[in-house]
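Hello,

Here is the structure for your files. My notes follow below it.

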There are 2 protein chains.
Amino acid sequence: MKKQVEDKKAALLEAALKLFTERGFHGTSTAQISKEAGVATGTLFNYFPTKEDLINGLYFEVKGELSRKMGKDVQTQKTYEEKLKKMWCNLVEWGIENQDKFLFVGQFCSSPYITSHTREVVMEEYVFFHDLVTEGLANGELGDYPPEMITSIFYQSSRTIVDYILYSEPQDRNKAIEDGFQIVWKGVAK
Amino acid sequence: MKKQVEDKKAALLEAALKLFTERGFHGTSTAQISKEAGVATGTLFNYFPTKEDLINGLYFEVKGELSRKMGKDVQTQKTYEEKLKKMWCNLVEWGIENQDKFLFVGQFCSSPYITSHTREVVMEEYVFFHDLVTEGLANGELGDYPPEMITSIFYQSSRTIVDYILYSEPQDRNKAIEDGFQIVWKGVAK
DNA sequence: ACAGAGTGATTGATCGGTCACTCATTAAAC
DNA sequence: GTTTAATGAGTGACCGATCAATCACTCTGT
């Protein structure tokens with residue numbers, strides 16, 4: 001029984017992810033989401049009281065997954081550059097393997113449907129990333145730029161590379177990932 | 001008469017720009033756009049047969065304006081780096097001075113409401129930019145990366161810097177623009 | 001072993017409201 | 001006087017959300 005509950009909730013989130021990304025928030029009806037998830041229209045509202053709660057829940061889940069993947073094996077790297085590169089690869093590989101989630105985050109990270117509360121809670125999971133940049137500035141690994149500028153350039157460039165790989169379809173994806181990191185590292189390093 | 005016609009069409013585009021950016025495509029009703037523009041609900045459909053025609057027309061206008069601003073005074077620059085920097089500054093300054101248009105382009109450049117036809121027509125106005133990158137690769141000013149990767153990184157980074165300036169509100173905007181270009185130039189230059 | 005009351009998840013018909021778009025009428029321009 | 005632009009009430013379709021009925025399943029007393 002518990003199993004079924006989780007099944008339906010997961011199915012609803014998966015359906016919402018697909019449809020919100022394809023057609024936007026207002027462009028997707030709750031009925032379409034329910035149908036795609038294989039449940040009745042009323043069932044959606046048992047799990048998510050409103051349509052906004054659904055997209056906020058989805059955003060929370062996806063961003064949480066990304067932050068966990070992003071930080072994986074970073075601390076076991078030896079040099080600072082290797083740590084940053086590990087994070088870069090984690091980010092890009094997640095984006096390639098999870099196109100739908102990647103697009104969803106891009107579309108809705110600054111949309112009005114995501115509440116500031118959700119945004120704040122999610123932000124806390126990325127403290128380790130900001131700390132790594134602060135550390136790099138402190139020990140002189142990074143150039144003398146504002147930390148928020150470095151984090152933004154790093155994160156957005158990783159998204160640019162995912163876009164490039166998915167859209168331009170280079171023969172060698174790893175080469176593209178390497179090239180992308182090289183550009184960013186040359187740019188932000190001391 | 002011609003004047004009034006242009007007035008109403010411009011008012012509709014301006015209202016649509018504001019509302020689409022704030023609330024999304026499906027989140028904005030044509031009635032709201034008409035009201036904001038100060039015309040009757042039926043008038044909108046005299047100028048744009050469907051809501052999709054309206055957003056496509058708007059996208060065409062805004063992207064066209066951006067491409068014209070972007071290329072301004074670029075050819076009068078002496079060195080290759082100066083040409084690229086001119087384009088960078090044009091891009092960032094336009095973004096800062098036209099926040100609403102800047103946000104609109106970011107939100108709708110890969111949305112399903114913009115037809116592939118609109119996208120193709122708009123793309124033609126950016127040929128000069130791709131040519132400049134190809135030129136830089138040919139004469140060894142730029143590092144050996146795929147041209148599409150360089151154009152994407154350059155364009156997206158300029159957007160990142162506009163975001164940074166608007167959101168983080170640094171005391172010295174020109175410094176931020178300079179820093180941003182320095183990072184990108186160090187990254188993509190030979 | 002089993003009847004049947006109890007429980008909470010699930011359902012889909014239904015609701016008031018809003019949507020994009022139409023069209024008969026009016027007003028303006030020449 | 002004719003043409004052209006502008007109007008806004010009206011249209012059927014669809015929206016998010018509700019809720020009484022139904023369902024699968026558990027538990028208890030015999």
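Over all chains, the structure holds eight salt bridges. The term means a side-chain nitrogen of Lys or Arg within 4 Å of a carboxyl oxygen of Asp or Glu. This is a predicted model, in which local features need pLDDT of at least 70 and side-chain atom pairs count only at pLDDT 80 or more, while totals for chains, interfaces and linings use all residues. Residues are numbered from 1 along each chain as its sequence is written, chains are lettered from A and ligands numbered from 1 in the order in which they are written, and side-chain values use heavy atoms, with hydrogens and water left out.

One of the salt bridges joins E36(A) to K18(A), at 3.3 Å from N to O. This pair links distant parts of the chain: E36(A) sits in helix α2 (residues 30–37) of chain A and K18(A) in helix α1, 18 residues apart. E36(A) is partly exposed, with a relative accessible area of 42%. K18(A) is partly exposed too, at 38%. Buried here means under 20% relative accessible area, exposed over 50%, and partly exposed in between (1.4 Å probe, protein chains only). The areas come from the Shrake-Rupley method, and for residues only the protein chains shown count as cover.

Next, E178(A) and K85(A) form a salt bridge, with their closest N and O atoms 2.8 Å apart. E178(A) lies in helix α10 (residues 173–188) of chain A and K85(A) in helix α5, so the pair ties together parts that are 93 residues apart in sequence. E178(A) is partly exposed at 38%. K85(A) is partly exposed at 25%.

Then there is D179(A) with K175(A), a salt bridge with its closest N and O atoms 3.0 Å apart. Both residues lie in helix α10 of chain A, four residues apart, about one turn of the helix. D179(A) counts as buried, because its relative accessibility is 6%. K175(A) has 42% and so counts as partly exposed.

**Overall fold**

Chain A has 10 helices and zero strands. Helices (H or I, at least four residues) and strands (E, at least two) are DSSP runs, numbered from the N terminus. The C-alpha trace of chain A spans about 55 × 40 × 30 Å along its principal axes. Of its 190 residues, 47% count as buried.

A16(A) lies in helix α1 (residues 2–23) of chain A. A16(A) has 0% relative accessibility, so it counts as buried. From A16(A) to I183(A) is 167 residues in sequence and 36 Å in space, C-alpha to C-alpha.

**Negative patch**

On the surface, E81(A), E82(A), D131(A), E135(A) and E141(A) gather in a patch of negative charge. Helices α5 (80–97) and α8 (127–138) of chain A are the elements that give two or more residues to this patch. Patch residues have over 30% relative accessible area and no salt bridge, and like charges are joined within 9 Å. Asp and Glu count as negative. The place of a charge is CG of Asp or CD of Glu. E81(A) is found in helix α5. At 35% relative accessibility, E81(A) counts as partly exposed.

**From the record**

UniProt, in an unreviewed entry, lists residues 29–48 of chain A as "DNA-binding region". Such annotations may be inferred rather than shown by experiment, and positions follow the numbering used here, with feature names shortened. In the model, the end C-alpha atoms of residues 29–48 of chain A lie 14 Å apart, and the span is 75% helix and 0% strand.

Best wishes

Methods
Patch = residues over 30% accessible without salt bridge, like charges linked within 9 Å, V, L, I, M, F, W, Y side chains within 5 Å. Areas by Shrake-Rupley, 256 points an atom, 1.4 Å probe, with all protein chains shown as cover.
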